[in-house]
Amino acid sequence: MNFSASIASIAAFSLLTATSVEAVPAGTLYEAFPTQLFSLDLGALTETGVISARATHLVAAGDHVFWQDDIRIWRANKDLSGVTNIWTNLRAPADISVDPTGTYLFEAFPTQLFTLDLRTLTETAETSAHATHLTAAGGYIFWQDDIRVWRAKSDLTEITNVWTNLRAPTDITVDPTGRYLYEAFATQLFTLDLDTLSEIAVTSAHAGNLTATADHIYWQDDIRIWRARNDLTDITNIWTNLRAPTSIAVGVPPTTTAVPETPTLLLLAVGLLACGLLRRGSEGI
């Protein structure tokens, strides 16, 4: 074997054994119990944080989790450090949501819906609504009012009835893009495509506390937490508790395109150079 062939062989082996870019974490599951809040790494299936909190209406947004405790709204990092009281009301909301960027807080009261800008800590919009099961997604806020599902922009303009059922769901949520609507009934879970206004999947499930990421829908059935794809395939029991949580949320880091590391790029260049030398050498034979 000549010198050029040796370089090519070493380069090819190095490319196969080079350190790969770290995989994106599977995400964080948050679970609330009467006096405690837990965070769990879904990739390692390990507990990453626990604090004392009377947390309801959990919402995962970015690298944070938000929750309500009576009149106060709280925020913490995904490991439950940095706990901060970010907003205090005069009365307790019936439900809350936070947009995926963590910029806007939405609060529902019996006959009103509010938007608050968390950057300036100011109320930016208000409308009349009997809003339950709030979900902020895709630049909109979605909510349920009995059999109807509504959508509005973050400033509560362009209010639209996007879907009407024959009976009221027990829970709803929307994926972060605002395309897929998930609805739970007593023994069934549905996926609806809001772009085509069509039902695309249904499965049997006792689903509560629905929470959606870009690719999956998560739900609670008593002590078990389940996950499925948007089309309700690949249903998996991802976590089992000793007792039933009162609320859950799932946060997933933004998906990024893997970029080869600098050493890998250097090895690739060496490999290409070696292949060129081999070709030149063979032409000279």
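Me: Which residue in the turn between E2 and E3 has a positive phi?
Reply: In this predicted model, strand E2 (residues 36-41) and strand E3 (residues 46-52) pair in the antiparallel sense over six bridges. They make a hairpin with four residues between them. The turn residue with a positive phi, at about 55 degrees, is Leu45.

Me: Moving on to E9 and E10, how many residues does the hairpin between them go through?
Reply: Strand E9 covers residues 104-109 and pairs with E10 in the antiparallel sense, over six bridges. Phe109 stands opposite Gln112 in E10. The hairpin connecting E9 to E10 goes through two residues.

Me: Is strand E10 largely enclosed or open, and why?
Reply: Count the residues: E10 runs over 112-117, which makes six, and the cut-off for buried is under 20% relative accessible area. Five of those six residues are buried, so the rest of the structure leaves E10 largely enclosed.

Me: E10 has another partner, E11; which residue takes a positive phi in that hairpin?
Reply: E10 is joined to strand E11 (residues 122-128) by six bridges, and the two run antiparallel. Thr115 stands opposite Ala125 in E11. Four residues lie between the strands of this hairpin, and the residue with a positive phi, near 55 degrees, is Leu121.

Me: What kind of aromatic pair do Phe109 and Phe114 form?
Reply: A search of the whole structure turns up four aromatic pairs, among them Phe109 with Phe114. Both of these residues are buried. Their ring centres are 5.6 Å apart and the planes sit at 90 degrees. Planes over 60 degrees apart count as edge-to-face, so this pair is edge-to-face.

Me: What is the angle between the planes of Phe185 and Phe190?
Reply: Phe185 is buried, and Phe190 is buried too. They form an aromatic pair described as edge-to-face, with 5.6 Å centre to centre. The angle between the planes is 90 degrees.

Me: Which residue lies over the face of Tyr140, and at what distance from the ring centre?
Reply: For a charge to sit over a ring, CZ of Arg has to be within 6 Å of the ring centre. The residue over the face of Tyr140 is Arg151, at 4.6 Å.

Me: Last one: is Leu242 buried or exposed, and why?
Reply: Leu242 sits in the loop between strand E23 (236-240) and strand E24 (247-251). Its C-alpha atom is separated by 9.0 Å from that of Arg224, 18 residues apart along the chain. The relative accessibility of Leu242 is 88%, and over 50% is what it takes, so Leu242 counts as exposed.

Note on methods. Residues numbered from 1 in each chain as written. Predicted model: local features only at pLDDT ≥ 70, side-chain atom pairs only at ≥ 80, totals over all residues. Heavy atoms only, no water. Buried < 20%, exposed > 50% of the residue type's maximum accessible area, 1.4 Å probe, protein only. Phe/Tyr/Trp six-rings, centres within 6.5 Å; stacked < 30°, edge-to-face > 60°. Lys NZ or Arg CZ within 6 Å of the ring centre and 35° of its normal. Pairing = 2+ DSSP bridges.
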